[in-house]
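Hello,

Here is the structure I promised to pass on to you. Have a look at it first, and then read my notes below.

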Amino acid sequence: MARIKPPFAYFGSKGRFFEEIKLIFEENYRKNFIDLFAGSMEIPINFKNEFKELDVLANVKDEKIECFLSGNVVDTYKKGLEYIKCDLKINARNLYENDRAAFEEVNKRFKNIFSECCPCCGKKLSTREKHEVFNENEKRILRSLMGFGGNGTTLTNAFYSEEKIKKLELYIETLKTIKVTTDLFDESWEFKDSFIFLDPPYIRKTNVGEEGFIGYNYADDKGVDWTIKDDARLIEFIKRNQNKNLPIIKSLNNKANIELDSKRSELLKENFECKFIIKEYKKQMFGKLADKAEYFCLIK
């Protein structure tokens, strides 16, 4: 079955482990699938798509994703395309590659949704607090679907295609079939008869403060830092739920953070019987092919 992909750019790649997680799930079937750090929702919506009878709960605390939970997202996207006077007969990549001047004119109109811009050069003059057509939630939707990097106010060269609309429609329809919450993680949560997938933000850098390490910062999307204290809360949550739910998977992402991730992996090994699985791959970034690796831990 073809996988459902998010129709926007998103930091992280939980979906890279989908087949491995699916195999473990089939061997340890539970009637409930829980993803408490659901990110772009790729894992939970694809589980629901493949296991129709499954009850799926996805929790996400990220404005970039939360904006898709209210209003008519597809209509907002189409309204955005109409506002920037996009020719729906032309794929955005083709426009970017074959008529850069025309692309820049469309880009100026897109920027105008978020800022007062110079009509000649498109340079930002001042931040626009309100817009006559789009409310704040619609602006976030358009930034996710059309903005550079999935969060910018400059058009990406893949902001439109017929395939993108189809992908968006499928994503939104499947999203409606699962339960979605938007709560900050609480170690006191308890679940029963559930397959639990956990992939909290990894700890990314050292800090001169007393904590020593701080986690990935989602402040731009109204999120919070994840620190080593939160890793301790993660351990408490797993202990609380371990005998009621098997298995629990903790994903460890990004080879560049192996030294910092080891702090978390040591915590897991100290408290549980764990099996660590490494998946190596190559990824092209900025025109260069780099070796990457991601990890997950099966807690028995």
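**Where H4 meets H7**

In helix H4, Val73, Thr76, Tyr77, Lys79, Gly80 and Leu81 make contact with Glu138, Ile141, Leu142, Leu145 and Met146 of helix H7, contact meaning heavy atoms within 4.5 Å. By class, these residues are seven nonpolar, two polar and two charged; Ala, Val, Leu, Ile, Met, Phe, Trp, Tyr, Cys and Pro count as nonpolar, Asp, Glu, Lys and Arg as charged, and the others, Gly among them, as polar. H4 covers residues 73–83 and H7 residues 136–146, and they pack at an angle of about 75° with their axes 10 Å apart. Axes are lines fitted to C-alpha atoms, for helices over the stretch in contact, and angles run from 0 to 180 degrees between N-to-C directions. The two helices are therefore roughly perpendicular (65 to 115 degrees; under 35 is roughly parallel, over 145 roughly antiparallel, and the rest oblique).

Before going on, a word on the source: this is a predicted model, in which local features need pLDDT of at least 70 and side-chain atom pairs count only at pLDDT 80 or more, while totals for chains, interfaces and linings use all residues. Residues are numbered from 1 along each chain as its sequence is written, and side-chain values use heavy atoms, with hydrogens and water left out.

**H1 and H2**

Helix H1 (residues 18–27) packs against helix H2 (residues 42–50) at about 50°, with axes 11 Å apart. That makes the pair oblique. On the H1 side, Phe18, Ile21, Lys22 and Phe25 meet Ile43, Asn46, Phe47 and Glu50 of H2. This contact has five nonpolar, one polar and two charged residues.

**The cores**

The largest nonpolar core holds 53 residues, and Phe68, Met146 and Phe159 have the most contacts inside it. Such a core is a set of buried Ala, Val, Leu, Ile, Met, Phe, Trp, Tyr and Cys residues joined through side-chain atoms within 4.5 Å, where buried means under 20% relative accessible area (1.4 Å probe, protein chains only). Helix H8, residues 162–175, gives the most to this core, with five residues. Leaving aside residues up to four places away in sequence, Phe68 touches Phe8, Val73, Ile141, Ser144, Leu145, Leu168, Ile172 and Leu175. There is also a second, separate core of 19 residues, including Ile196, Trp226, Ile248 and Cys297.

**Whole chain**

Of the 300 residues in the chain, 48% are buried. The chain has 10 helices and 11 strands, taken as DSSP runs (H or I, at least four residues; E, at least two) numbered from the N terminus.

Best wishes

Definitions and conventions:
Buried means under 20% relative accessible area, exposed over 50%, partly exposed in between (1.4 Å probe, protein chains only).
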